[in-house]
Amino acid sequence: MKQLLVINPNTSERVSALLQAHVQAAAGSHVVVHTVTARFGAPYIADEASYAVAAHAALDAWAAALAGPDPAPDAVLIGCFGDPGLMALRESSPAPVTGLAEAAFIEAARHGRYAIVTGGERWGPMLQRLAQALGQAQQLAGIHTVVPTGAQLAADPAAAHRLLAQACRDAAHQLGVQAVILGGAGLAGMAAAIQSDVPVPVIDSVTAGTHWALRTPPLPPARSSPGFDIAWQGLSSEMRALAPTPAD
């Protein structure tokens, strides 16, 4: 059976459990989903500093997962709408890698121009930068952030549904888009709950990430076995084990 490794780059076990449940449900019984949690960093990612640390944490969690007893993954999904560490992990992994944001961008673009709705005000420029780096700037019409973070929204689903449904309607009407991405690991499952209240398709970033992992990726991996190209100092033993031996 296909093995899908999901990396939660924040330290919240609750978010990891949410990812595990929703990714497994979307993947079906023919895929084994294994979700791992960052061993350090922030309980939720909401600013540039926590995002930068999360990139390292994602690489560390990946290396630790490879050192464990589970089979090597056939695909890797970064379970954060922002994809911290995406390019570094893609460079290091023989299995294809994507993140919630990249997968959702691709899914939404099939409908035409799209908007993003997510929690946490500082995510706006961060996601705009990511869209630019991934070649999605022209398709992305705008980003609508609500004040509560994804973690806060997930803590009160009823209030979150009302707030996010209104935000998605506003984005659709004001920007004239053909789809809206509801982005965030903590918002998994909420797109389906509010779809009937929004006039355009609402893309669940977790579902989009799962579906991407089940498809054959368009590009071959950069390497045949996992590894880094730099000899690390002061990092985890699992990361050092995937690096070249330092020269004497």
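**Close-up views of a predicted model**

**View 1. Phe81 is tucked away.** At 4% relative accessibility, Phe81 counts as buried, where buried means under 20% relative accessible area, exposed means over 50% and partly exposed is in between (1.4 Å probe, protein chains only). A quick word on what you're looking at: this is a predicted model, so local features need pLDDT of at least 70 and side-chain atom pairs count only at pLDDT 80 or more, while totals for chains, interfaces and linings use all residues. Residues are numbered from 1 along each chain as its sequence is written, and side-chain values use heavy atoms, with hydrogens and water left out.

**View 2. Aromatic rings pair up.** Rings of Phe, Tyr and Trp (its six-membered ring) pair if their centres lie within 6.5 Å; planes under 30 degrees apart count as stacked, over 60 as edge-to-face and the rest as tilted. That rule gives five aromatic pairs here. One of them is Phe81 with Phe105, an edge-to-face pair at 6.2 Å centre to centre with 85 degrees between the planes. Phe81 sits in the loop between strand E3 (75-78) and helix H3 (86-92), and Phe105 is in helix H4 (residues 100-109), so this pair ties together parts that are 24 residues apart in sequence. Helices (H or I, at least four residues) and strands (E, at least two) are DSSP runs, numbered from the N terminus. Phe105 is buried too, with a relative accessible area of 0%. Phe105 also pairs with Tyr114: the ring centres are 6.0 Å apart and the planes are at 25 degrees, so this pair is stacked. Tyr114 is buried at 0% relative accessibility. Elsewhere, Trp62, Phe228 and Trp232 form one aromatic cluster.

**View 3. Four strands make an open sheet.** The strand order is E2-E1-E3-E4, with parallel pairing; two strands pair if DSSP finds at least two bridges between them. Strand E2 (31-37) and strand E4 (97-99) stand at the edges with a single partner strand each, so one side of each has no neighbour in the sheet. From one strand to the next, the twist averages 20 degrees. Seven bridges join strand E1 (residues 2-8) to E2, and Lys2 stands opposite Val31 in E2.

**View 4. Helices lie against the sheet.** Helix H2 (residues 48-67) lies across E1, E2 and E3, running at about 145 degrees to E1. H4 packs on the sheet as well, touching E3 and E4, and its direction makes about 80 degrees with that of E4. Axes are lines fitted to C-alpha atoms, for helices over the stretch in contact, and angles run from 0 to 180 degrees between N-to-C directions. Contact means heavy atoms within 4.5 Å.

**View 5. Nonpolar residues gather in a core.** A nonpolar core is a set of buried Ala, Val, Leu, Ile, Met, Phe, Trp, Tyr and Cys residues joined through side-chain atoms within 4.5 Å. The largest one has 57 residues, and those with the most contacts inside it include Leu4, Trp62 and Leu89. H2 gives the most to this core, with eight residues. Leu89 touches, among others, Ile7, Leu59 and Val97, leaving aside residues up to four places away in sequence.

View 6. Gln3 lies in strand E1 and is buried at 16% relative accessibility. The residues that Gln3 touches include Val32, Pro71 and Asp74, not counting residues up to four places away in sequence.
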